[in-house]
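This report sets out the architecture of one protein model, from its overall composition down to single residues. It is meant to be read beside the structure itself.

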Amino acid sequence: MFRSGEEVVSEESEEESNGVNLMEFSDEILLHILSYVPCTDLVLNVRRTCRKLATLCLDKSLTHTVLLQKDYKVNKDKVKQLMRDIGKEIYQLNMAGCYWLPSSTIDHVTRCKNLVKLNLSGCHVTSLRLSKMLSTLQHLRSLAIDVNPGFDASQLSSECKATLSRVSELKQTLYTPSYGVVPCCTSLEKLLLYFEILDRSREGFMLSGQLMVGESNVPHYQNLRIFYARLAPGYVNQEVVRLYLAVLSDRTPENLHAFLISAPGSFAETGATKNLLDSMARNVRLDALQLPKAWINGSGLLQHLKFNNPFYFSFSRCTLSGGHLIQRVINGGKDLKSLTSLNLSGCVHCLAPESLFRKAEDDIDSSILESLVVSCCNLRHLNLSAAHHHSSESIGNHLCQLLSRLKHLLSLALPVCSITDVAATVEKPPTAPSLVPQTFGRKVRIGIQTYPRNLADQANQKIESSVFWALMGSLRFLETLEIIGSSFSSAMPRNEPAIRNSLPPCVRAQSVGDSEVAAISQLTYLQSLTLAQLPNILTGSGLVNIGLQCQHLRTLSLANLGMMGKVVYMSALMDMLKHCKCLRDLRLEQPYFCAGAQFFQALSHCSSLQRLCIVSRSGTLQSDAVMSFMANCLEVIMCHMFMGESLTVCKNLQQSIVRSFQAERPALNVVIFPLLHEDLTEVIRDVPMRHLDEITLFKSRVAEEPPNLWW
């Protein structure tokens, strides 16, 4: 965007001759343009081009907040120079996920004497380095760190503890049983805890959830307003979080207004947690709530909890019925305009009046959904995935028709079976692919386009008055969309061996295919798209329409589309990728996927691509094609492939990529490994949490957390 020296002079002269000179724009306009440039480029490069830019690049609006969390080109030397040049001007510094920077890089943060907010999640920080750094940051009020094995709170100096005593916001990711720095933070108002402790050590020993010696200090929660805990699978994480909750059960903070615990699987309620919930019901009014399913199922808790102006609810995986949802949560359909985010993922009975005698596949009660839509008219994030939400034949009461009233939606997650037209499934006979077992299919000739070439041709195949087409047309400002099969499960779950078999798709989903995918192309502002287990994909033609129309698309995740014995959409996918100039993250999960020369040649058109993940049982790859792709796509810093190749082939390719590109791409993270190998879980544990959580592991991310939970 900017060049230095004589090039700038020559360009200015050329611009003047054409009547346009960038430097003649007002300072306000230039500052707005410069705000899109990474801070490291502004300070270390752009400001050296001319006097005017030298002044503007150091404007407080550009140096007040420095974001390095996805600046994958930054290295230790750049950070050192940046802190030396503008350290005193930085008030907020975000280095989250900078896993490639050596721990000594943290030493340079001490130059930022005026820091108020600091995010070091995912960075390598020892107890001693943390102590030295925090001792100099007397104005710090917000902190995010990791607590790794070997952390020793006794090494924190008195000056460090004094700084921590003034911190009001703390985000702590735990990789070992510990209180971390929580006992030192006596003024906490917001506490976010991420539990990533494994049940077994690398040597195979079982770990205990008991805190280490010297960690018996009690956390101070008296000023707490927000408590959030997210647990990775494993019993140790559950044991440790109970220790954090024990203090809350003794005395519930009076100002608590958000209480959120995200726990996978079974997390049993105990006497202490029951006392905590009873105390909350008596003493606080909440604005945000998320609890483990075992704490809600079968209890009358929701009937007693009081809410003020709630903005976030999550009842993921709960057996909450629609009747209870309407009566106990949204007060019989009263106004809930304050609610902006609602997660009902896996809540299989949430749109039915009761769950006692209901089957999960029965039709929904449209009146419940209508009450929800009317009461929560300002919803921006809604997750209804991982359930069978089947609409009845009643005219005007289809789920898609009711959701079209939510004009403020920015992100939406739906099960595949919920978007099908009821008339189509009743009257239309099953298509050929649905009658064929989803195993091996007839091969498709390479090089012949078997799908419509434009949107008009696609519209001729499917009437544009379908309920899903109409829904997509009404949600013009939607940025995130997930359409996931209700029985879909990824072949690569966390902390377990790869899943070898998958459940068949819902019968109602059998007719969902290319035309529904084409309808998504109406979302002009779409940034993130997930499609999983769409059985009636015949050619993938709708993908081409999305590539042409959705020019803001940054994240694309496709899994188990069409027949499982072959990749029927490969030709369309390659055509689509040629138009995805803004695509940064691509995740593909499909058995028998061939990552060959043609695929990587098409992928090379994605000039902004940074992260690639391919998960394919019995999939193959061409090492030369991968190396050529990495050489052509200079922005790629993550390459994860879990295929059907041998361990030798995978290791050789991984070593070749690292050896060839690591020096010029400091953040490069490469994992190429056989999907069904017994050591897969050991390999996964070494993947940086940023990549693991955001792309490598499949999950629904809509309304996963409250909006703006952390900066």
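## Basis of the model

The model is predicted, and local features are taken only where pLDDT is at least 70 and side-chain atom pairs only at pLDDT 80 or more, whereas totals for chains, interfaces and linings use all residues. Residues are numbered from 1 along each chain as its sequence is written, and side-chain values use heavy atoms, with hydrogens and water left out.

## Overall composition

The protein has 27 helices and 22 strands, these being DSSP runs numbered from the N terminus (helices H or I, at least four residues; strands E, at least two). Of its 711 residues, 54% are buried, where buried means under 20% relative accessible area, exposed over 50%, and partly exposed in between (1.4 Å probe, protein chains only).

The protein exposes about 30200 Å², and carbon and sulfur atoms supply 50% of that area; accessible areas come from the Shrake-Rupley method with a 1.4 Å probe, and for residues only the protein chains shown count as cover. Among contacts between residues at least 6 apart in sequence, 78% join residues at least 24 apart, a contact being heavy atoms within 4.5 Å.

## The largest nonpolar core

The largest nonpolar core has 204 residues, and those with the most contacts inside it are Phe227, Phe259, Phe315, Leu403 and Phe599. Helix H9 (residues 235–250) gives the largest share of this core, 7 residues. A nonpolar core is here a set of buried Ala, Val, Leu, Ile, Met, Phe, Trp, Tyr and Cys residues joined through side-chain atoms within 4.5 Å.

Not counting residues up to four places away in sequence, Phe227 touches Leu191, Leu193, Tyr221, Leu245, Leu248, Leu256, Ala258, Phe259, Leu260 and Ile261.

Helix H21 (residues 541–549) is largely enclosed by the rest of the structure, because 7 of its 9 residues are buried. These buried residues are Ser541, Gly542, Leu543, Val544, Asn545, Ile546 and Gly547.

Helix H19 (residues 467–474) is likewise largely enclosed by the rest of the structure, since 6 of its 8 residues are buried. In H19 the buried residues are Val467, Phe468, Trp469, Leu471, Met472 and Ser474.

## Pocket and cavity

About 1400 Å³ of space lies in the second largest pocket. This pocket is lined by 42 residues, of which Pro264, Arg317, Phe698, Lys699 and Ser700 are the closest to its centre, and the elements that give two or more residues to the lining are strand E7 (226–231) and strand E8 (258–262). The lining of the second largest pocket divides into 18 nonpolar, 15 polar and 9 charged residues, with Ala, Val, Leu, Ile, Met, Phe, Trp, Tyr, Cys and Pro counted as nonpolar, Asp, Glu, Lys and Arg as charged, and the others, Gly among them, as polar.

A search of the whole structure finds 2 cavities of 30 Å³ or more, and the second largest cavity has a volume of about 40 Å³. Met95, Cys98, Leu101, Pro102, Ser103, Thr105, Ile106, Cys123 and His124 line the second largest cavity, a lining of 6 nonpolar, 3 polar and no charged residues. On a 1 Å grid over the protein atoms alone, a cavity is a set of points where a 1.4 Å probe fits but cannot get out, and a pocket is an open set with protein on both sides within 12 Å along at least five of seven lines, while lining residues have an atom within 4 Å of a point. Grid points are joined across faces, edges and corners, and a volume is the space filled by probe spheres set on the points.

Leu612 belongs to strand E19 (residues 611–615) and counts as buried, at 0% relative accessibility. Leaving aside neighbours within four places in sequence, Leu612 is in contact with Leu586, Phe600, Leu603, Phe629, Met638, Cys639, His640 and Met641. The C-alpha atoms of Leu612 and Val636 are separated by 7.7 Å, with the two residues 24 apart along the chain.

Ser528, in strand E15 (residues 528–534), counts as buried at 18% relative accessibility. With neighbours within four places in sequence set aside, Ser528 is in contact with Glu479, Thr480, Leu481, Leu553 and Thr555.

## Positive phi angles

Most residues other than glycine have a negative phi. Tyr592, although not a glycine, has a positive phi of about 65 degrees; Tyr592 lies in the loop between strand E17 (585–589) and strand E18 (594–595) and is partly exposed, with a relative accessible area of 29%.

Ala703, also not a glycine, has a positive phi of about 55 degrees. Ala703 is placed in the segment after helix H27 (689–696) and counts as buried, at 7% relative accessibility.
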